[in-house]
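Dear colleague,

Please find the structure below, handed over for your records. My findings follow it.

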Amino acid sequence: MSTISKEQVLKLVSEHHVRFIRLQFTDILGIPKNVSITVNQLEKALNNELMFDGSSIEGFVRIEESDMYLYPDPNTFVIYPWRTSEEGAVARLICDIYNSDGTPFAGDPRYILRRALNAASEMGYTFKVGPEAEFFLFHTAPDGSPTTLTHDRAGYFDLSPVDLGENARREMVLTLEKFGFEIEASHHEVAPGQHEIDFKYSDALDIADKIITFKMVVRTVAQRHGLHATFMPKPLFNEAGNGMHMNQSLFKGTKNIFWNPQKPNQLSSEASSYLAGILQHARALTAITNPTVNSYKRLVPGYEAPMYIAWSTQNRSPLIRIPAKRGVSTRIELRSPDPSCNPYLALAVVLMAGLDGIKNNLQPPEPCERNIFTMTSSERKEQGINSLPGTLKEAWEALLTDELIKNALGPHVLDRYLEAKQQEWNEYMSKVHQWEIDRYLTMY
């Protein structure tokens, strides 16, 4: 990541005739929020003097302690490419949240990730991540509301003209490049209307910021094409869902410490222990990496989404796969997360689980090179392969038993996150769904 000073931000704003700046942050659910200011207030904001009311933000604070400060990160400055200087350019800065006494706010997701990255740094590591976020492009109704309809009948890696989202996806790639992304690939995914755009790995904080930006750009460009983009984990029955595989590695300087050509599979001892840590904490992690009721409609057999806690160097049915590339590209691929997660929290808990494996020299089981979906329950039991939680409720119950993951979140985020998820679960359980109407209305 390049370093930008406050002075450089002010200079860029002047040179490009920026009129408005959006000061962006996220709530604990990963929903982006922003405070828009004029250019006249920018210097005050860059001096960390701008306050806002945090009492109405999901998971932040109560009304009697609502005054909070926005600390813009100059490294996140970008000018939105869809407005010209003549129209009054708009720029963006991502912010950290601080309390009125000048201490970091314990409920800021960006702070939670920073704290985990500091733990890695104390061990001499830099955490690198490369996400693979999938999304659907659907038609909108005449009134502009989203539907789940698509006349796209393309499949995995298909070319246009059957891939009718090709033009939108091409513009998304070009726009993301204007935001500073290095795009590695873009293609149609398995389901009709489903797409994937992959961007180059980077430091974890930069990637978390980019995931939030990525979603915003995809949705904005889709809207310009008369489409609705959704990162909902499972919008269509009987089709593949949206995943967000996380490719991860630890570096010391420019050296990828996951690679050791003298070891089996060329995986270093640190890589094996890191992997073992994620496997050990996998059930608790799922409450954060798969945070919605709908997430668990994706984690079912038949669509390559993992259900079982195992790893492999080849097949894609286990939770963790080791891609074939070695050297500086050596990495582990965690396949369970979906793009509805808060990337700051998800990366923080995954990292802490991996570091726990290294600290305690945990050793993973033997890799499972068979298709786990075709194995019987007794065969899985014989190999010690457990399953991920099957529901959001099961996931948060697993989280409550895992002290490491609870500590990674901290009591503020943990309490408010669980409160929000319990409300979501209770609403889901009490609501009558269309499936029930179709199934029972005429039967009884």
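Which side chain of opposite charge is nearest to aspartate 27, and how far away is it? The nearest one is that of lysine 33, 4.1 Å away; Lys and Arg count as positive and Asp and Glu as negative, while His and the chain ends are not counted. Aspartate 27 is buried (under 20% relative accessible area, with exposed being over 50% and partly exposed in between; 1.4 Å probe, protein chains only). Aspartate 27 has no salt bridge, a term for a side-chain nitrogen of Lys or Arg within 4 Å of a carboxyl oxygen of Asp or Glu. Its side chain does reach the backbone nitrogen of isoleucine 31 at 3.0 Å. Aspartate 27 is located in the loop between strand 1 (18-26) and strand 2 (32-38).

This is a predicted model, in which local features need pLDDT of at least 70 and side-chain atom pairs count only at pLDDT 80 or more, whereas totals for chains, interfaces and linings use all residues. Residues are numbered from 1 along each chain as its sequence is written, and side-chain values use heavy atoms, without hydrogens and water.

Helices (H or I, at least four residues) and strands (E, at least two) are DSSP runs, numbered from the N terminus. Helix 5 comprises residues 204-224, and 16 of its 21 residues are buried. Glycine 226, with a positive phi near 70°, follows helix 5.

Tryptophan 435 belongs to helix 13 (residues 434-440) and is exposed, at 55% relative accessible area.

Threonine 313, in the loop between strand 14 (308-312) and strand 15 (318-321), counts as buried because its relative accessibility is 18%.

Yours sincerely

Key
Expected span 1.5 Å × (residues − 1). Polar contact = N/O pair within 3.5 Å; in protein donor to acceptor, adjacent residues only side chain to side chain.
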